[in-house]
Amino acid sequence: MTTTELTTEQQAIKDDFVRVRGTWGEPWQRMLELDPAFVRAYLDLSAVPLRRTPGVLEPKVRELLFIAVDAAATHLYTPGVRQHVQAALDAGATPAEVMEVLELTSTLGIHAANIGIPILAEVLEEQGLRDGPAPLDERQERLKAEFTATRGYWHEFWDEILELDPDLFEAYVAFSSVPWHTGTLEPKVKELVYCAFDASATHLYVPGLKLHLRNALGHGATVAEILEMFEVASVVGIHAATVGAPILAELAGDRGGRLG
């Protein structure tokens, strides 16, 4: 696909974008050709945390949050993962720290059980197949204590999972605890990672978000740091355009249309 010659306005937007965001590529080029005002507006939106001097979150942490949002199972935006892994490494993150973020983000799948098993318990009660929670046995009490000691909290959305499917709970505790046993990111950053993918428009898992906001504050996160996490997560919507604009440019070009 050929690239059209940029106007003075378009070139200025591109230069500012590269200076502020440190990246460029075909999606941005096609958007710039199709609607330069939109690219300018997006740059201003995405640059809110980047234009602060000094920033609230260190650049490395900001890029780790971008990775969590893009790599989450509810989004899986591969170009963004690649871009932000590179940016995180350039900002001083170690491969182990990036891997830790991927491990934390991989826990998102348990939300099927966090949502589904309590609903199952409600349905069983409605059908007369359950009359309330059963007392925990010795194994279940031990699993609850181990989870609380490792993760520093307990929440009621684990109750039915522990009661009805202790095998799943035990395996999940071992799986989700790996970065807490072997990782090097401070607990505050771990909790901000959870918050980022729970708050993302492709997930919006309110119970988890509230829990991890509480945990982040407990580990010393400031309101300003949390707001910057939301600023990072809020730009995920641009992927409608980064995916769609190159397709539009290609098909419009096939029809002999003129971009811009």
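These notebook entries record what I looked up in the structure.

**Entry 1. Basis of the model**

I worked with a predicted model, in which local features need pLDDT of at least 70, side-chain atom pairs count only at pLDDT 80 or more, and totals for chains, interfaces and linings use all residues. Residues are numbered from 1 along each chain as its sequence is written, and side-chain values use heavy atoms, with hydrogens and water left out.

**Entry 2. The chain as a whole**

I looked up the secondary structure and found 14 helices and zero strands in the protein chain. Helices here are DSSP runs of H or I with at least four residues, strands are runs of E with at least two, and both are numbered from the N terminus. The C-alpha trace spans about 70 × 45 × 30 Å along its principal axes.

I then looked up burial, where buried means under 20% relative accessible area, exposed means over 50%, and partly exposed lies in between (1.4 Å probe, protein chains only). Of the 260 residues in the protein chain, 44% are buried. For contacts (heavy atoms within 4.5 Å), I noted that 70% of those with a separation of 6 or more join residues 24 or more positions apart.

Two packed helices are described by the angle between their axes and the distance between the axes. Axes are lines fitted to C-alpha atoms, for helices over the stretch in contact, and angles run from 0 to 180 degrees between N-to-C directions.

I looked up helix 2 (residues 26-34) and helix 3 (residues 36-46), whose axes cross at roughly 125° and come within 5 Å. Helix 2 is therefore oblique to helix 3. Angles under 35 degrees count as roughly parallel, over 145 as roughly antiparallel, 65 to 115 as roughly perpendicular, and the rest as oblique.

From helix 2, Trp-28, Met-31, Leu-32 and Leu-34 meet Pro-36, Phe-38, Val-39 and Tyr-42 of helix 3. I recorded the residues of this contact as eight nonpolar, no polar and no charged. In this division Ala, Val, Leu, Ile, Met, Phe, Trp, Tyr, Cys and Pro count as nonpolar, Asp, Glu, Lys and Arg as charged, and the others, Gly among them, as polar.

**Entry 3. Helix 12 against helix 13**

I next looked up helix 12 (residues 206-218) and helix 13 (residues 223-233), which pack at an angle of about 140° with their axes 10 Å apart.

Leu-209, Leu-213 and Leu-217 of helix 12 meet Ile-226, Met-229 and Phe-230 of helix 13. The residues of this contact comprise six nonpolar, no polar and no charged.

**Entry 4. The nonpolar cores**

A nonpolar core is a set of buried Ala, Val, Leu, Ile, Met, Phe, Trp, Tyr and Cys residues joined through side-chain atoms within 4.5 Å. I looked up the largest one, which has 49 residues, and found that Leu-64 and Leu-65 touch the most other members. Residues up to four places away in sequence aside, Leu-65 touches Leu-57, Leu-192, Val-193, Ala-196, Met-229 and Val-232. A second, separate core holds 15 residues, including Leu-143, Phe-157, Trp-158 and Leu-211.

I looked up Gln-140, which lies in helix 8. Gln-140 has a relative accessible area of 6% and is therefore buried. Leaving aside neighbours within four places in sequence, Gln-140 is in contact with Pro-135, Leu-162, Glu-163 and Pro-166.

I also looked up His-111, in helix 7. His-111 is buried because its relative accessible area is 11%. Not counting residues up to four places away in sequence, His-111 touches Phe-197, Asp-198, His-203 and Tyr-205.

**Entry 5. Loop residues**

Most residues other than glycine have a negative phi. I noted Leu-76, whose phi is positive, near 50°. Leu-76 is found in the loop between helix 4 (59-71) and helix 5 (78-90), and counts as exposed at 56% relative accessibility.

Leu-204 likewise has a positive phi, of about 50°. Its place is the loop between helix 11 (187-199) and helix 12. At 55% relative accessibility, Leu-204 counts as exposed.

Finally I looked up Pro-133, in the loop between helix 7 (111-126) and helix 8 (138-151). Pro-133 counts as exposed, with 66% relative accessibility. Its C-alpha atom is separated by 7.6 Å from that of Glu-160, 27 residues apart along the chain.
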